[in-house]
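The entries follow the order in which I looked things up.

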Amino acid sequence: MNIVIVDDEPDIIKGIEFLLNAVGRDYHVTGKAFNGKEGVEVVLEKRPDIVLADIKVPFFDGIEMIRRLKEQDVNAEFILLSGYAEFEYAKKAMALGIRYYLTKPLDEEELYDIIEKIRAEKYPAPSYNVVQEIRGYLAKNYAQDISLNDIADKFFMNPNYLSQLIKKKTGKTYQQLITELRIGHAEKLLSETDMRISEVCRAVGYHDVRHFNALFERVVGIRPAEYILQKNPKL
């Protein structure tokens, strides 16, 4: 996602750029401006996906800058920034179709969530495909220690947004997905091999047998030892 930042305080611009770079995802600050006039010029030149703009900047304010850009058919999504909530500005922003408004100091999680929401709206197909890719990746790597944050880092996404996306697309949480995947493989190993329960536990990514037994019972309805007897009644 290419992003332009417009703010008359260099330290604020540096801070936002640091937050976007630190998250380690494909957020690219492609332009910076310190007033509304520069903002129009930079946005027209860079054509970013997102413009983060302070409301109160010199020459003309953020609202006027956005109005001028919209007159020139700029289709970037705008996120307005302000040191405090200002109702009159918020009304003007709504009239221009601006949906996102953040107050300073910025809440970084809120900022990331908004950017990821914009990404999903601008590029809806990749959002669906990414969940399919994640499921494929988990199917091959389920036995490893893979947290939601690990997956978010690998696919360059915000963890909170990814969690919501997985829930929306699958109806399940990330933890439910990986648990069901692991237990499904455990069932296969218990019914088709002579592996011990402790060996199966480790083979599907768990280290604590009691925890594995409890998860298996929750998903399958019976404990692993009972499952083995049910599948192999001669034992």
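I began with strand S1 (residues 2-6) and strand S3 (residues 50-54), which run parallel and are joined by four bridges. Helices (H or I, at least four residues) and strands (E, at least two) are DSSP runs, numbered from the N terminus. I noted that Val6 stands opposite Ala53 in S3.

The model is predicted: local features need pLDDT of at least 70, side-chain atom pairs count only at pLDDT 80 or more, and totals for chains, interfaces and linings use all residues. Residues are numbered from 1 along each chain as its sequence is written, and side-chain values use heavy atoms, with hydrogens and water left out.

Next I looked up the whole sheet. It is open, with five strands in the order S2-S1-S3-S4-S5 and parallel pairing (two strands pair if DSSP finds at least two bridges between them). Strand S2 (28-33) and strand S5 (100-103) are at the edges with a single partner strand each, so one side of each has no neighbour in the sheet.

I then checked which helices lie across the sheet. Helix H3 (residues 62-71) lies across S1, S3 and strand S4 (77-82), at about 170° to S4. Helix H5 (residues 108-122) lies across S1, S3, S4 and S5, at about 170° to S5. Angles run from 0 to 180 degrees between N-to-C directions, and axes are lines fitted to C-alpha atoms, for helices over the stretch in contact (heavy atoms within 4.5 Å).

Last, I looked up helix H9 (residues 174-192) and helix H11 (residues 209-220), which pack at an angle of about 95° with axes 10 Å apart.
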